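Visitor: Hi, could you walk me through this one? I'd like to go from the overall fold to some details.
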Amino acid sequence: MGTIKQSVATFGVNRALKYLSKDPEKNIPKVMEMVDQFCPDDLFVAQRYAFRHAIETKNNWYQLLLHGVRDIDPGVRDNFFSSFLVNANLIGWPEQERNREKYGCNIPWAILLDPTNACNVHSTGCWAAEYGNRLDLTGDDIESIIRQGEALGCYFYIYTGGEPLVRKHDLMDICAAHPEATFMSFTNGTLIDEAFCQDMLRVKNFVPVLSVEGSAETTDARRGTGTYARVTHAMELLREHRLIFGISACVTRENESTIASEAYFQQMIDWGALFCWFFMFMPVGVDAAPELVPTPEQREHQIRFVREMRSKMPLFTMDFWGDSEYVGGCIAGGRRYLHINAAGDVDPCVFAHYSNANIHTSTLLEALQSPLFMAYHDNQPFNDNLMRPCPIIDNPPKLAEMVKASGAHSTDLQAPEDAGDLCAKCAPISLAWKPVSEGLWDSFQRASAEARAKRDAELAGKAAADDVDEVEDRTAASA
Ligand code: SF4
């Protein structure tokens, strides 16, 4: 990380945080002005515009911002600003872009890694394939991944599994050793207790994301009887300790109507979650049931519903497929993220268990330049219709073609699945989605063009008003 830039940004953030602690409501606009000063003009334009709009109109996003500033533990909140907002985004993103040019390959914004494949709960259709007997990444493995990731500009690490909190003490040591990075962890929540909350308050840079599939019935059906009660208890603890946490929801054909409902969004807010990640059930793995994948109508409903809720609910939401329009399509293969399993295999995506590289024998950069990752790099986006972003479920021959051409092998150690078989299973799903996705893409493109035109006109108006102010100031000064 450029040290001068880092110190200037850190200085700015510290100043901003002092303002925030004093009087959040009055000083949020000042903090936004500071972010604008540090951020290059062409970086995160839409996001910064959305924040400014939220502050001006005091809409649902503003309520969320205020909640984050007022109700989160100050140490945790301040670390989140510096490690996530500044390091992972304002500083990390441009560094990733530079390295992308320099090395001619994708460079990730986030690295997902499985500290272990062990789990204390068995979930139907869990995205982590069952990798045989227990495997762990060692502390040195994880340390090396972070060191190499930071050298490329990556300051955001997300634990998957298995159940990462099976190794919660090791994970706290890693957080303490890397206060400059943000660590997020998907978890079933059942291992979160008072002592662990105290640990999270100590290290300040660990954000749990609890898996909840809608109601008690749907969660327990997927994750085992009693899981829902344990997860809701974990959320009570997290809220009491003023910790940042989110929810992840796997949308299936059975629970879509529960998850895509206003009542469920309100429930997540009442639990104290600041954000939710939606994933669609993927038929990955030899035993995975394609009939659990949401129907095209459900998928469309889910995407539209999440967007509708964004205009009224104080909850930050990300829809792994539905938001691909905002990130230019598939983000795997290191384009924005990659996945390292507990055996050290470097997969392009948590759902694509194929690889030519292992961190025990390759550097992270070599993995990014390996044949399968370069195939992702060279073929992205996989479809001009960004509502069909995925080489697995939306454009199934693509995954099989890339795996074959690159000579990648299956990294599912228990039951390797041939990429051709997986793609054959996804072919009818993709065919059914195609016509629905086309209507959706047309309507989203029209809506985006209108929103862009409105934003550009407002920004142009603001720039003109600023110019007039400047001339008036100069005239007054010289009078
Ligand atoms: S491979 Fe599919 S699931 Fe993975 S990031 Fe790309 S679009 Fe998403």
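Visitor: How many helices and strands does the protein chain have?
Guide: The protein chain has 17 helices and 11 strands, counted as DSSP runs (H or I of at least four residues for helices, E of at least two for strands) and numbered from the N terminus. This is a predicted model, where local features need pLDDT of at least 70, side-chain atom pairs count only at pLDDT 80 or more, and totals for chains, interfaces and linings use all residues. Residues are numbered from 1 along each chain as its sequence is written.
Visitor: And what does the C-alpha trace span along its principal axes?
Guide: About 80 × 50 × 45 Å for the protein chain.
Visitor: Switching topic, which residues surround the ligand?
Guide: Phe320, Cys330, Ile331, Ala332, Cys349, Phe351, Ala352, Pro389, Cys390, Pro391 and Ile392; each has its C-beta atom, placed from the backbone, within 6 Å of the ligand.
Visitor: How does that shell divide by class?
Guide: Into 11 nonpolar, no polar and no charged residues. Here Ala, Val, Leu, Ile, Met, Phe, Trp, Tyr, Cys and Pro count as nonpolar, Asp, Glu, Lys and Arg as charged, and the others, Gly among them, as polar.
Visitor: Now the helices. Which residues of H15 meet which in H16?
Guide: Pro371, Leu372, Ala375, Tyr376 and Asn379 in H15 meet Lys398, Met402, Val403, Ala405 and Ser406 in H16, with contact meaning C-beta atoms, placed from the backbone, within 7 Å.
Visitor: What classes of residue make up that contact?
Guide: Seven nonpolar, two polar and one charged.

Notes. Two residues are in contact if their C-beta atoms, placed from the backbone, lie within 7 Å.
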